[in-house]
Amino acid sequence: MNKQTLILLLLTVCQTVISKDIPLPEHPRPDFERSEWINLNGEWAFTFNNTKAEKSVADNNLSAFDLTINVPFPWGSKLSGITNNTVATKLGDKGWYARAIDIPEVWKDKRIFLVVGAADWKTNVWLDGKPLGEHQGGYTPFEFELTDLVKYGARQNLFISVDDTPSNQRLYGKQGYGDARGIWQTVYLEARGDNYIDYVHFSPDIDRSTVGVEVAFKQVPAKKAQIEVLFKNGEQKTFTYSIKGKAAAKSLTHKFEIKLDNQHLWDLDDPYLYEVEVSLKTSSKKENTVTDMVSTYFGQRKIGVTKLPGYDYPYISLNNKPLYMQACLDQSYHPEGFYTFPSDAFMRDEILLSKRLGLNANRIHIKVEIPRKLYWADRLGLLIMADTPNFWGEPDEAARQDWEYCLHQQVKRDFNHPSIFAWVNFNETWGLFSKRDAKNDYYPETQEWVRRMYKETKRLDPTRIVEDNSPCNRDHVESDINTFHMYLPGYEWKQSLDNEIKNTYVGSKWNYIGDNVQNGVPMLNSECGNVWGYSGSTGDVDYTWDYHIMMNEFRSHPLCAGWLYTEHHDVINEWNGYVRYDRSAKYDGLDAFVPNMSIADLHSSYYIAPQGDLCREAKAGETIELPLFASFMTDKNPGALSLKTTLVGSDALGNETVKEVMSYPITFRPYMNELIAPAKVTLPQQKGLYTLRLELQNADSVVVGRNFALFRVKDGVATTSNSEKLLTLDPAKFTAAEWSVKQWNVFDGLKVNGAGSGFFEYTIPWSSDIKLSETTSVTLIFEASAKKLWGKDNDKTDFRSGDNMLGQGEFDNSKNPNAYPQTGEQTYPSWLKVSVNGVVCGDFYLPNDPADHRGALSWLAQPHNKKLSEAGSYGYLLKAIIPIATLKEGENICIRFEIPQGVDGGLAIYGKDFGRYPLDPTLVFRMTD
């Protein structure tokens, strides 16, 4: 081992040790990585004082910097350490960074660069007070060369200023969720050869088992130079491309093709990556010298369009197979880091969450994503739709220039990520409206600019899907996909999708603006959900009920080639994510209907969609023929399939029984989408809420798909036992109530609420057909939960302030009148005491005030008027044993439900048409036979 190699090894070890104490220590670009680099993340001196900072730069002195910041987190974020709570004055629009750096002597024969992953917006850099340059733009990497100013082995001062003065002419996206101000991606030093590689782009061609390679340099390579591609895992022999000929010798860019032996495709189940080292070598008489080398990778895969086999439906394809898009909108925000995530593991887990949910894609929304998160999508097998951020002003020259620069740099940086299958240029026409003569419109000349940008994106990258504008205004111009945004209550999805299908055909003007028409590209949804489907939006509500209905309808309309749900995680003004903003779990409650069912079952490739309402009223003893639609969005044969149907009932006393089990053979055909034989079931004579479970199984009894339909029977008998006598009470008809905070009813008393501490008291008249002498036991059965006073429950509350679309302002997830926060990890417990005729008969812990799928009756009770009232809320089935001695035959029975003073967890009592169980509070007298 020579001295230089030893020094490099020691430097690498040192970097590894130091990196354990800094945020995001990993190399920020696994797709473009040089071996000699130094991570500059961590503590920097910082100030908003321009005067002092300018003097410090001029004096080459760090002493005037009065704050410290944790790079690379944007100032204002908690993880940066610079918030309004840590500075005496308001956060500034321009921040100054400074720190000492040491360039190792072993780098003496190299060119030295400072690389900034991203900083918003105008960045200036000085080394020892001498300017290195300026960059404008907020989302893509840039660099400055330090070589001529470096003092190897000596400490030097590095200064960076970032001016993020607000402007509608600059890209901003959804930074209302948290301003990504200043540096927000990793900063590092890098050593390179005299002539170095600017970029390497791989263009796979799976049909020919080749990969095209494009290598660009900053200088024309020397004569007899070679480009070497080393396959690190040995899949191929090292490939050498010799730069020769007059044209080649004058070119900065060189293209060649590599034939792959036994090509290994990248796909969602097997996201194989070819890891390579690309080197520039110069020849001399004695040896070949490596001038520069980068480690990178590519995935051998193809994005295109094909027809769904057996149907004339165009679909996006992966490796020549149709792909039914099941995606989510990923705002890609963190509550404490804003645009910047706290760790590499966190970014990995963001991708794993989507994989666990059974999704196949994320749409990174209005943000150029951090490369390491894209790396995890590449590594784990998740597709990415990549948005370009928007500006919020008019599309003037300055705004267009910032946007176009970002697009070019984004495509250049992210070209090699196999996970990225589509570029989305604009969203919902944001930034494309111009105001003229008091009219704000999307004018034809702007439409033509959008068309040019679509074509420019295709020129930059002909290997991917390009979308001109992801529309909510039905204003496509020219696009590879015909997408639409739709936010609706569950009950409106069938009619909406029927209409979408009817208007989708070649030549249709539907969903296009001006004289533009549909041209046969795939039609799919690119934003959906219930969040904006209700009056004033939903606030925090159980998203799963409407979602379930929506999934049944999407799978029953296969001309629509996929959907994209809003959204991956909550943000500050939207609470419809699969998880909360802090990434804590939400509970869907689906496993209460079908064992082991979860949201992921609604994304199965093998899907049985019951037609009609998710929950419907039916008559006792009625025989139901439930239409079923089979949607098999795969060619993977699971073997012999059978559909097991099980009718499970929750009767008027909360008892659950299995009523009927049947099994039907199901024929599998690749990509089959059609109605199959209906499921037949006869409902019991008892009142109740009945679940028809649908479990699709293979020959080994492995369940590959789960679904269900619900039937509410109101006209049956309450009990079939002659030995039971029932006394029920209407929750709304309490004879006394007193609550420390507030008392109110839902839908005229289908549910009654008391907040704080207090009681509901009921008087039940004695029934003459009940004889205590014949009574063996008395049980009080009821459904109850804790009752938190949500924001909406306060009188005269303003549920929204600020700009809701941008996320600017203060927001309470429960202030929206439609809200009832979905069950999650945070709980709101209470403690209930039940007494009968003054005798305490039971104490009950009420774990929470929940709302999810289990509150089916609460959903069934909602009117179809785009408003919600405590939808999905439900309680716990509780039973109190009543000592017979507390009762006196012929006299009224007094029942008190009380939350003791000091507990203050509140109480909700549910009736037979609200909550989870189809019962009013009921006294069950069991009599001798």
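A residue counts as buried when its relative accessible area is under 20%, as exposed when that area is over 50%, and as partly exposed in between, with a 1.4 Å probe and protein chains only. By that rule Tyr-274 is buried, at a relative accessible area of 1%. The model is predicted, so local features need pLDDT of at least 70 and side-chain atom pairs count only at pLDDT 80 or more, while totals for chains, interfaces and linings use all residues. Residues are numbered from 1 along each chain as its sequence is written, and side-chain values use heavy atoms, with hydrogens and water left out.

Strands and helices come next. Both are DSSP runs numbered from the N terminus: helices are H or I with at least four residues, strands are E with at least two. Two strands pair if DSSP finds at least two bridges between them.

Strand β2 (residues 42-47) runs antiparallel to β3 and is joined to it by 5 bridges. Asn-70 in β3 is the bridge partner of Glu-43.

Further along, 3 strands form an open sheet with antiparallel pairing, in the order β20-β21-β22. The edges are β20 (303-307) and β22 (321-322); each has a single partner strand, so one side of each is left without a neighbour in the sheet. Between β20 and strand β21 (residues 314-318) there are 5 bridges in the antiparallel sense, and Val-305 stands opposite Ile-316 in β21.

Strand β29 (residues 465-470) is mostly covered, with 6 of its 6 residues buried. Its pairing with strand β26 (residues 420-427) is parallel and spans 5 bridges. Here Trp-423 stands opposite Val-466 in β29.

The aromatic side chains give another view. A pair of aromatic rings is described by the distance of the centres and the angle of the planes. Rings of Phe, Tyr and Trp (its six-membered ring) pair if their centres lie within 6.5 Å; planes under 30 degrees apart count as stacked, over 60 as edge-to-face and the rest as tilted. A search of the whole structure finds 55 aromatic pairs. One of them, Tyr-177 with Tyr-333, is edge-to-face, at 5.4 Å centre to centre and 85 degrees between the planes. This pair links distant parts of the chain, 156 residues apart: Tyr-177 is in the loop between β10 (155-163) and β11 (182-183), and Tyr-333 in the loop between β23 (325-330) and α4 (344-356). Tyr-177 is buried, with a relative accessible area of 4%, and Tyr-333 is buried at 1%.

Tyr-274 and Phe-298 form a stacked pair, 5.0 Å centre to centre with 10 degrees between the planes. Tyr-274 lies in strand β18 (residues 274-283) and Phe-298 in strand β19 (residues 288-298), so the pair ties together parts 24 residues apart in sequence. Phe-298 is buried, with a relative accessible area of 1%.

Ring pairs also link Phe-734, Trp-739, Phe-760, Tyr-762, Phe-782, Phe-844 and Phe-897 into a cluster. Some rings have a charge over them, meaning that NZ of Lys or CZ of Arg is within 6 Å of the ring centre and within 35 degrees of the ring normal. Arg-192 lies over the face of Phe-113, at 4.0 Å from the ring centre, and Arg-896 lies over the face of Phe-759, at 3.7 Å.

On a 1 Å grid over the protein atoms alone, a cavity is a set of points where a 1.4 Å probe fits but cannot get out, and its lining residues have an atom within 4 Å of a point. Grid points are joined across faces, edges and corners, and the volume is the space filled by probe spheres set on the points. The whole structure has 9 cavities of 30 Å³ or more. The largest cavity has a volume of about 110 Å³. Its lining has 13 residues, of which Leu-24, Pro-28, Thr-186, Met-347 and Ile-370 lie nearest its centre.

Two separations complete the tour. Leu-846 is found in strand β48 (residues 839-846) and is buried, with a relative accessible area of 0%. The C-alpha atoms of Leu-846 and Ser-279 are separated by 66 Å, and the two residues are 567 residues apart along the chain. Ala-652, in the loop between β36 (641-651) and β37 (656-666), is 37 Å from Ser-605, C-alpha to C-alpha, and 47 residues from it in sequence.

Technical notes. On a 1 Å grid over the protein atoms alone, a cavity is a set of points where a 1.4 Å probe fits but cannot get out, and a pocket is an open set with protein on both sides within 12 Å along at least five of seven lines; lining residues have an atom within 4 Å of a point.
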